[in-house]
Structure formats: structure tokens, C-alpha cells
Amino acid sequence: MLSTVNARLTGQAAEGKEAPEQDQLEAGPLDEASGTVPQPVRAPLTEKELYNQAYNLYVSGDYEKARKQFQEFLKLHPGSGLIDNALYWIASCYYKEKKYEEAISACDDTIKKFPKGKKTADAYYLQALSFCEIKDPLTAQILLETLIQNFPDTEAAKLGKKKYDELKAGSAE
């Protein structure tokens with residue numbers, strides 16, 4: 001089949017006709033068995049590529065797609081060292097989507113599965129913010145106290161202290 005196409009192109013050139021440019025050609029050679037043009041096979045994304053793709057979706061503001069991509073990451077790479085990060089970003093996606101109950105649950109997954117993980121302090125803070133959004137400041141205060149006590153030197157604890165003070169001041173009124 002490919003030789004027929006080449007002969008046809010060569011014949012057009014011999015007759016003084018210009019051969020079509022590569023991008024003007026119809027799809028590649030036919031698979032003679034099926035009569036279809038085979039589609040290029042794309043190699044599956046590596047662990048890091050899949051994670052980065054999900055994170056880039058998050059950064060660009062496409063939270064639903066990012067969340068689904070992080071969930072796919074968890075399924076495909078259950079032993080990854082990035083699991084705690086992926087769990088946290090799923091929670092953050094839910095929060096950004098204003099799905100606060102789901103965010104609370106996803107934060108809880110991060111905290112329970114990785115009590116001393118890289119994203120655990122952030123998960124406590126995000127969970128407290130989620131409780132504030134569903135009008136449960138008392139639970140938020142308890143979470144912020146835990147965050148401040150267990151992760152005192154983190155940025156999340158600094159933010160948590162500020163939020164805690166705001167909640168305390170609000171409850172005193």
C-alpha cells in the first residue's frame with residue numbers, strides 16, 4: 001500500500017505536478033488487515049508527569065479536572081511518595097469547588113493516613129477553614145489548636161494562629 005502511494009507521488013512529480021506537502025497528505029498508510037489508519041500510540045504518563053499534570057490543572061484553576069487527575073494518580077501509583085500530597089490537593093480542590101463536606105473528609109484522609117506527613121499541617125488548616133465555611137467554628141478552633149500544638153513551626157500553624165485568634169474574638173462578641 002505504501003509503495004502505491006509513493007509511486008503515485010513520484011508519478012505526479014514526473015508529470016510536472018507538485019507532490020503534496022507532508023501535512024497535506026491524508027493520514028498515513030492503511031493497516032491492510034483492518035482498512036484503517038493506525039492512531040499513534042502515546043506512552044502512558046510517568047508517575048511524576050501525571051502528578052505534575054494534575055498540579056498544573058490545579059494552578060490553572062481547573063479544580064474538578066485536577067481533582068479527577070489526582071484521584072487517577074492515586075489509583076495508578078498507590079505506592080508513590082507523593083500520595084500525601086495528592087490527597088491534600090484533592091481536599092484543596094474540593095474546597096475550591098465549595099464542596100466543604102468533601103474537603104473535610106479528604107483532609108481527614110490525609111491526616112489519618114499521614115499523621116506526620118509533608119501536607120498534614122496544611123490539611124489541618126484547610127479542614128479548619130472548611131468547618132468555618134459550614135458554620136462550625138468550634139470544631140475549626142479545636143483543629144487549629146491541634147495544628148498549632150503539633151506543628152508549631154509551620155506556615156500553616158502561623159496562619160492557623162491568626163485564624164484561631166479571629167474565631168476566638170468572634171465568639172467573645
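K116 lies over the face of F151, at 5.6 Å from the ring centre; a charge counts as sitting over a ring if NZ of Lys or CZ of Arg is within 6 Å of the ring centre and within 35 degrees of the ring normal. The model is predicted, so local features need pLDDT of at least 70 and side-chain atom pairs count only at pLDDT 80 or more, whereas totals for chains, interfaces and linings use all residues. Residues are numbered from 1 along each chain as its sequence is written, and side-chain values use heavy atoms, without hydrogens or water.

Nine aromatic pairs are found in the whole structure. Rings of Phe, Tyr and Trp (its six-membered ring) pair if their centres lie within 6.5 Å; planes under 30 degrees apart are stacked, over 60 edge-to-face and the rest tilted. Two of the pairs are tabulated.

| Pair | Centre distance | Plane angle | Class |
|---|---|---|---|
| Y51 and F70 | 5.5 Å | 70° | edge-to-face |
| Y124 and F151 | 6.0 Å | 45° | tilted |

Y51 belongs to helix α2 (residues 47–59) and F70 to helix α3, so their pair ties together parts 19 residues apart in sequence. Helices are DSSP runs of H or I with at least four residues, numbered from the N terminus. F70 is buried at 0% relative accessible area, buried meaning under 20% (1.4 Å probe, protein chains only). Both Y124 and F151 are buried as well.

Helix α3 (residues 63–76) also holds Q69, which is buried at 17%. Beyond neighbours within four places in sequence, Q69 is in contact (heavy atoms within 4.5 Å) with L45, L50, Q53, A54 and L57.

Technical notes. Helices (H or I, at least four residues) and strands (E, at least two) are DSSP runs, numbered from the N terminus. Buried means under 20% relative accessible area, exposed over 50%, partly exposed in between (1.4 Å probe, protein chains only).
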